[in-house]
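This report describes a predicted model.

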Amino acid sequence: MARDSNTRNGKPAADGFDLVVDNRKARHDFFIEETLEAGLALTGTEVKSLRAHRANLRDSYARIKNGEAFLESVHIGAYAPAGQFSHKETRARKLLMHRREIDKLWGRVREKGYSIVPLKIYFKNGRAKVELGLAKGKHSYDKRDVLARRASDREIERALKGRNR
């Protein structure tokens, strides 16, 4: 069965959105202060691999170099049918952004402790997009606070659920 570009498991996506990969670890390791969407300049085999959901965002980041933004350390698996003509799996990929967006990010990244982290890669109306987050690193005690808060919220929910019966 041939798959349409906006399908997942044979069912078309109503809004043209198809999530490829999500970087959940980034929300654990960083405070995300701001998000923005950017396009990706990809080769044909990279697009085919992304459609097959063969990507990993672990330890990836965005870098601004010579007024251009690049996505570094993103692993997009090789496209097997391409054989030796497939792409390099962890090459730097150019981000398609407006000049003022790049300049705004560059100004914020120069501040101490900020970095640009990819949060998601997805297809939107057939085009590969990446959601970037302006992030500030968390300390280990911040992570413990979040985990403790989640645990207490779960206990409260469990107590209220049992009480309402």
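## Confidence of the model

The mean pLDDT of the chain is 85, and 91% of the residues score at least 70. Among the elements of the chain, the highest mean pLDDT, 94, belongs to strand β9 (residues 93–96), while the lowest, 50, belongs to strand β2 (residues 11–12).

Residues 1–6 have a pLDDT below 50. Beyond near neighbours in sequence, this stretch has 10 contacts in the model. Where pLDDT is low, the predicted coordinates should not be read in detail.

## Helix α2

Helix α2 spans residues 44–51, and T45, E46, S49 and L50 are buried in it. Viewed down the axis of α2, these buried residues fall within an arc of 140°, so they line one face of the helix. An α-helix has 3.6 residues a turn, so residues three or four places apart point the same way.

The buried residues of α2 pack against β3 (17–22), β5 (55–56), β8 (75–76), β9, β10 and β11 (127–137). After α2 comes H53, which has a positive phi, near 60°.

## The loop residue G113

G113 is located in the loop that lies between α3 (99–109) and β10 (114–124). Because its relative accessibility is 45%, G113 counts as partly exposed.

When neighbours within four places in sequence are left aside, G113 is in contact with A135, K136 and G137. A separation of 19 Å lies between the C-alpha atoms of G113 and L71, which are 42 residues apart along the chain.

Notes
Residues numbered from 1 in each chain as written. Predicted model: local features only at pLDDT ≥ 70, side-chain atom pairs only at ≥ 80, totals over all residues. Heavy atoms only, no water. Helix = DSSP H or I, 4+ residues; strand = E, 2+ residues; numbered from the N terminus. Buried < 20%, exposed > 50% of the residue type's maximum accessible area, 1.4 Å probe, protein only. Contact = heavy atoms within 4.5 Å. pLDDT = per-residue confidence, 0-100. Arc of directions from axis to C-beta.
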